[in-house]
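Here is a short report on one protein chain. Look at the sequence and the model first, then read on.

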Amino acid sequence: MSRRKKKEKRIILPDSVYNNAAIAKFINQVMRKGKKTIARKIVYRAFDIIKEKTQKDPLEIFEKALTNASPLLEVKPKRVGGATYQVPREVRGERGATLAMRWLIQAAKSKKGKPMKEKLAEELILASQNQGVAVKKKEDTHRMAEANRAFAHFAW
C-alpha cells in the first residue's frame, strides 16, 4: 500500500552496430560524464580486438562472458533485533546481468598500463573462458551466500 508512484522501467534501444540491447546497456555503463561517443569507441574497439585475438564473433564472446560473470546468489544485509545478518538472496535475471557488466568494467579499470579498450577486451575474453577478476568476484559472492546460508530463513 505504497503511496509512491511505481518507478517506470526505461527501455534501452539496441545499439546501432550489433543491434543488441545488452551491448547498448554495456556502453551506457562504460560511459563516464555523459560522453557516449567515447564509450562507444571503447566498446567497439574492444570488440575489434576480441575478433582479432580469438577469430570468433565478439557478440558470442560478450554474451558468454556475461553469462559466466552473472551471479545466481548474493547477500543482502538485514537487521534483526540489534544484529545485522548477511542474508543470501536469489538474483533476478536483469540484476544478474547488470552486476556482471559492472564487475567486468571494474575489473578492466583495475588493470594498469594499457588503454581501456585493450583491458576490456582482455577481461571479456577471460570471462568467456570462466577466468578473470569478474568471474572470481561472482565466485566470492556465491561463497559468501553459501557461508551465510544459516540466515536464509530471514529472507523477506
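T98 counts as buried, because its relative accessibility is 16%. Buried means under 20% relative accessible area, exposed means over 50%, and partly exposed is in between (1.4 Å probe, protein chains only). T98 sits in helix α4. Setting aside neighbours within four places in sequence, T98 is in contact with K25 and Q29. Contact means heavy atoms within 4.5 Å.

This is a predicted model, in which local features need pLDDT of at least 70 and side-chain atom pairs count only at pLDDT 80 or more, while totals for chains, interfaces and linings use all residues. Residues are numbered from 1 along each chain as its sequence is written, and side-chain values use heavy atoms, with hydrogens and water left out.

**The whole chain**

The protein chain has six helices and two strands. Along the sequence they follow the pattern α-α-α-β-β-α-α-α. Helices (H or I, at least four residues) and strands (E, at least two) are DSSP runs, numbered from the N terminus. Taken along the principal axes, the C-alpha atoms fill a box of roughly 55 × 40 × 25 Å. The chain has 156 residues, and buried residues make up 37% of them. Now take the contacts with a separation of 6 or more: residues 24 or more positions apart account for 59% of these.

**The nonpolar core**

The largest nonpolar core has 33 residues. A nonpolar core is a set of buried Ala, Val, Leu, Ile, Met, Phe, Trp, Tyr and Cys residues joined through side-chain atoms within 4.5 Å. Which residues touch the most other members? They are I23, F26, V30, V43, L120 and L124. The elements that give two or more residues to this core are α1 (21-30), α2 (36-54), α3 (58-69), α4, α5 (116-128) and α6. Helix α2 gives the most, with eight residues.

Leaving aside neighbours within four places in sequence, V30 is in contact with A39, I42, V43, I105 and L120.

**Two helix pairs**

Helix α6 (residues 132-147) packs with helix α4 (residues 93-110) and with α5. Axes are lines fitted to C-alpha atoms, for helices over the stretch in contact, and angles run from 0 to 180 degrees between N-to-C directions.

| Pair | Angle | Axes |
|---|---|---|
| α4 and α6 | roughly 130° | within 8 Å |
| α5 and α6 | about 50° | 6 Å apart |

The α4 angle makes α4 oblique to α6. The α5 angle makes α5 oblique to α6. Angles under 35 degrees count as roughly parallel, over 145 as roughly antiparallel, 65 to 115 as roughly perpendicular and the rest as oblique.

In the α4 pair, W103, L104 and A107 in α4 meet V133, A134, K137, K138 and T141 in α6. By class, this contact has five nonpolar, one polar and two charged residues. Ala, Val, Leu, Ile, Met, Phe, Trp, Tyr, Cys and Pro count as nonpolar, Asp, Glu, Lys and Arg as charged, and the others, Gly among them, as polar.

In the α5 pair, E123, L126 and A127 in α5 meet G132, V133, A134 and V135 in α6. This contact divides into five nonpolar, one polar and one charged.

**A loop residue**

K35 lies in the loop between α1 and α2. K35 is partly exposed, because its relative accessible area is 47%. K35 and G113 are 78 residues apart along the chain, and their C-alpha atoms are separated by 22 Å.
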